[in-house]
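Here is a short note to read with the structure open beside you. Take the points in order and find each residue as it comes up.

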Amino acid sequence: MSRIAISRRHRLTRTRAVKVANRVAEDVAAEYGVVATWIGDVAHLHGPGLSGSLMLARNHLHLELELGFVTTLFREQIATVIETELDKLLEGEAKAAKKIGRTPGGDTEKRNRENAKPPAEKLQKGARGQR
């Protein structure tokens, strides 16, 4: 089996980093027929020919994929597509943040921190409140 490991540092607010992580997980899931399940700050990706995880941290994103036999043949193309999309998303969010003057640790970051959680955390919090 072959692996793909992609790490990118960022200076995004938590809200913007979550947005990028969600988009990357959704794109990988849609493109390669896998299911993305969020547990905390980690999206676990599972499907035929491909499995792995996307970890969201304060100042970086790390994607690690393990490829099956057939997908190994397309390793370079898969890595290039994911790297290009991730770089584009990170750059777009960084430009948007700069344009409106919001930086990590600012007042907006503090107000939005609770709302900037991966989907599983939002669902778990809502489920506890309804019991």
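1. Start with a term. A residue is called buried when its relative accessible area is under 20%, exposed when over 50%, and partly exposed in between. Arg 16 has a relative accessible area of 15%, so Arg 16 is buried. Keep in mind that this is a predicted model.

2. What does Arg 16 meet in a salt bridge? The partner is Glu 93, at 2.7 Å from N to O. Glu 93 is in helix H3 and Arg 16 is in helix H1, 77 residues apart, so this pair links distant parts of the chain. Glu 93 counts as buried too, because its relative accessibility is 10%.

3. Now the sheet. Five strands make an open sheet in the order S1-S5-S4-S3-S2, and the pairing is antiparallel. Which strands stand at the edges? They are S1 (2–9) and S2 (35–39). Each has a single partner strand, so one side of each lacks a neighbour in the sheet. From one strand to the next, the twist averages 15°. As background, strands of a sheet pair through backbone hydrogen bonds, either parallel or antiparallel.

4. Look at strand S4 and its two neighbours. S4 (residues 50–56) runs antiparallel to S5 (residues 60–67), and seven bridges join them. Ser 51 stands opposite Glu 66 in S5, and Gly 52 stands opposite Leu 65 in S5. These two strands form a hairpin with three residues between them. S3 and S4 also pair in the antiparallel sense, over six bridges. There, His 46 stands opposite Ser 51 in S4. The hairpin of S3 and S4 has two residues between the strands, and in it Gly 49 takes a positive phi near 85°.

5. The faces of S4 deserve a check. Leu 50, Gly 52, Leu 54 and Leu 56 make up the covered face. Ser 51, Ser 53 and Met 55 make up the uncovered one.

6. Next, the strands S4 and S5 again, with the helices. Seven bridges join S4 to S5. Helix H1 (residues 14–32) packs on the sheet and touches S2, S3 (42–47), S4 and S5. The direction of H1 makes about 175° with that of S4. Helix H3 packs on the sheet as well, touching S1 and S5. The direction of H3 makes about 15° with that of S1.

7. Back to charges. The count comes to 11 salt bridges. One of them joins Glu 64 to Arg 3, with the closest N and O atoms 3.1 Å apart. Glu 64 is in strand S5 and Arg 3 is in strand S1, 61 residues apart. Arg 3 forms another salt bridge with Glu 66, at 3.2 Å between the closest N and O atoms. Arg 3 lies in S1 and Glu 66 in S5, so this pair ties together parts that are 63 residues apart in sequence. Glu 64 counts as partly exposed, because its relative accessibility is 28%. Glu 66 also counts as partly exposed, at 28%.

8. Last, the surface. Phe 69, Val 70, Leu 73 and Phe 74 form a nonpolar patch there, with about 500 Å² of accessible area together. Is Leu 73 buried or exposed? Leu 73 counts as exposed, because its relative accessibility is 60%. Leu 73 sits in the loop between helix H2 (69–72) and helix H3 (75–100).

Key:
Residues are numbered from 1 along each chain as its sequence is written. This is a predicted model: local features need pLDDT of at least 70, side-chain atom pairs count only at pLDDT 80 or more; totals for chains, interfaces and linings use all residues. Side-chain values use heavy atoms; hydrogens and water are left out. Patches are made of residues with over 30% relative accessible area and no salt bridge: like charges are joined within 9 Å, nonpolar side chains (Val, Leu, Ile, Met, Phe, Trp, Tyr) within 5 Å. Accessible areas come from the Shrake-Rupley method with a 1.4 Å probe; for residues, only the protein chains shown count as cover. A salt bridge is a side-chain nitrogen of Lys or Arg within 4 Å of a carboxyl oxygen of Asp or Glu. Helices (H or I, at least four residues) and strands (E, at least two) are DSSP runs, numbered from the N terminus. Buried means under 20% relative accessible area, exposed over 50%, partly exposed in between (1.4 Å probe, protein chains only). Two strands pair if DSSP finds at least two bridges between them. Axes are lines fitted to C-alpha atoms, for helices over the stretch in contact, and angles run from 0 to 180 degrees between N-to-C directions. Contact means heavy atoms within 4.5 Å.
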